[in-house]
Amino acid sequence: MSVTIKQIAEKAGVSRGTVDRVINNRGHVKPEIEERVQKIAKELGYRPNAAGKALAARKKNFIIGVILCARGNEFFDDILKGIKGAEQEAAEFGIQVVVKTMKGYQVEEQLRLMDQLEEQIHFLILNPINDERIAGKINELSEKNIPVITVNTDIEGSRRLCYVGCDYLKSGRTACGILGIATDGKGRVGIATGSVKILGHNQRIRGFYKTQKKRFPELNILDIVETEDDKETGYTQTLLMLNRHPEINAVYIAAAAADGVCRAVSDWQSGNTELPHPIKIVGSDLTPSISKLLKEERILGTICQQPWTQGYQSVTLAVHYLVNGQKPAREYFYMKNEIKIPENL
């Protein structure tokens with residue numbers, strides 16, 4: 001016989017309404033009572049009625065909002081495909097997914113999109129700029145019972161539910177390991193990152209530094225430039241970096257714009273034919289542009305982060321929360337870091 005809300009309420013010494021608020025994650029329950037109700041429900045083996053939950057969700061017309069810094073960045077194509085895959089399943093519960101994209105990392109634009117969605121959504125999946133104003137807006141949404149999951153990159157100082165995406169520290173450590181081996185631990189490195197406004201990009205560089213200090217003390221980082229994940233900006237900034245530091249013999253691309261960065265390296269090397277060694281390059285992710293660069297052996301390898309799964313899992317977690325009141329099982333849902341080289345494409 002299935003366990004009822006009434007049975008849980010009687011054992012917990014609370015009203016059925018209180019149990020209903022706890023089970024459906026509606027808030028307004030003291031933490032100690034919520035913990036007691038959840039414990040008793042688990043002990044009794046309570047399982048929500050799936051059909052009933054689906055019907056209830058359909059009546060509520062839930063909407064999940066998604067904001068991605070995706071415009072002009074081919075990396076996000078696979079994240080969007082993952083979101084689309086989960087969107088089909090969300091539709092079975094009558095849940096709509098509304099996606100907004102932006103180009104670059106302008107805080108004001110991201111805040112504008114968050115304000116635009118606020119009145120119509122019940123949940124937000126956000127690819128956040130790491131800024132205290134964005135964190136403040138996430139906290140404001142949380143207070144209004146609009147939970148937030150961060151996807152692909154995280155943010156500091158916010159009350160988001162969880163993060164779904166790359167383990168950037170490990171990604172940066174891996175890139176340093178590859179370049180350290182490729183240069184016999186004596187490389188002179190230039191880093192092309194996306195933006196200092198993105199926590200994930202900074203974490204990749206931090207991971208690179210940690211491995212450099214621990215394993216490759218003679219692997220010197222000479223310069224860091226921002227590409228804004230734009231290939232033309234990447235081209236210009238990389239040329240400037242190489243002109244400032246002609247001794248650079250290794251480049252780490254810590255974000256997008258790999259085609260622009262590699263084009264700059266090729267053009268610069270063509271104009272400096274007396275270089276003792278070609279510049280060794282390690283990239284990030286596996287976009288069509290990077291696949292082409294790998295096949296042409298213009299980069300040594302790249303570290304991937306399963307973007308389709310990021311999109312799919314973030315929406316799935318949001319659906320489970322809205323339909324079942326199920327909070328994410330953990331705070332960080334890290335993707336597997338995978339090294340791709342020309343031989344295993």
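This is a predicted model: local features need pLDDT of at least 70, side-chain atom pairs count only at pLDDT 80 or more; totals for chains, interfaces and linings use all residues.

Tutor: Residues are numbered from 1 along each chain as its sequence is written, and side-chain values use heavy atoms, with hydrogens and water left out.

Student: Which helix supplies the largest share of the positive patch?

Tutor: The patch consists of Lys170, Arg173, Arg206, Lys210, Lys214 and Arg215. At least two patch residues come from each of α8 (168-182) and α9 (199-215), where helices are DSSP runs of H or I with at least four residues and strands are E runs of at least two, numbered from the N terminus. The largest share, 4 residues, belongs to α9.

Student: What is the relative accessible area of arginine 206?

Tutor: Arginine 206 is part of helix α9. Buried means under 20% relative accessible area, exposed over 50%, and partly exposed in between, with a 1.4 Å probe and protein chains only. Arginine 206 is partly exposed because its relative accessible area is 39%.

Student: Which elements are among those that cover the buried residues of α12?

Tutor: Helix α12 (residues 288-295) has as its buried residues Ser289, Ile290, Ser291, Leu293 and Leu294. Contact here means heavy atoms within 4.5 Å. The cover for these residues includes α11 (258-270), β9 (280-284), β10 (301-304) and β12 (338-340).

Student: Is glutamate 297 buried or exposed?

Tutor: Glutamate 297 is in the loop between α12 and β10. Although not a glycine, glutamate 297 has a positive phi of about 55 degrees. Most residues other than glycine have a negative phi. With a relative accessible area of 61%, glutamate 297 is exposed.

Student: What is the phi of alanine 257?

Tutor: Alanine 257 is placed in the loop between β8 (250-253) and α11. Its relative accessible area is 7%, so alanine 257 is buried. Although alanine 257 is not a glycine, its phi is positive, at about 70 degrees.

Student: Which residues does glycine 194 touch, not counting those up to four places away in sequence?

Tutor: Glycine 194 belongs to the loop between β6 (188-193) and α9. Glycine 194 counts as buried because its relative accessibility is 0%. With residues up to four places away in sequence not counted, glycine 194 touches His201, Glu226, Thr227, Glu228, Asp229 and Ala255.

Student: With which residues is asparagine 139 in contact, leaving aside neighbours within four places in sequence?

Tutor: Asparagine 139 has its place in helix α7 (residues 132-143). Asparagine 139 counts as buried, since its relative accessibility is 14%. Leaving aside neighbours within four places in sequence, its contacts are Gly157, Ser158 and Arg159.

Technical notes:
Patches are made of residues with over 30% relative accessible area and no salt bridge: like charges are joined within 9 Å, nonpolar side chains (Val, Leu, Ile, Met, Phe, Trp, Tyr) within 5 Å. Accessible areas come from the Shrake-Rupley method with a 1.4 Å probe; for residues, only the protein chains shown count as cover. A salt bridge is a side-chain nitrogen of Lys or Arg within 4 Å of a carboxyl oxygen of Asp or Glu. Lys and Arg count as positive and Asp and Glu as negative; His and the chain ends are not counted. The place of a charge is taken as NZ of Lys, CZ of Arg, CG of Asp or CD of Glu.
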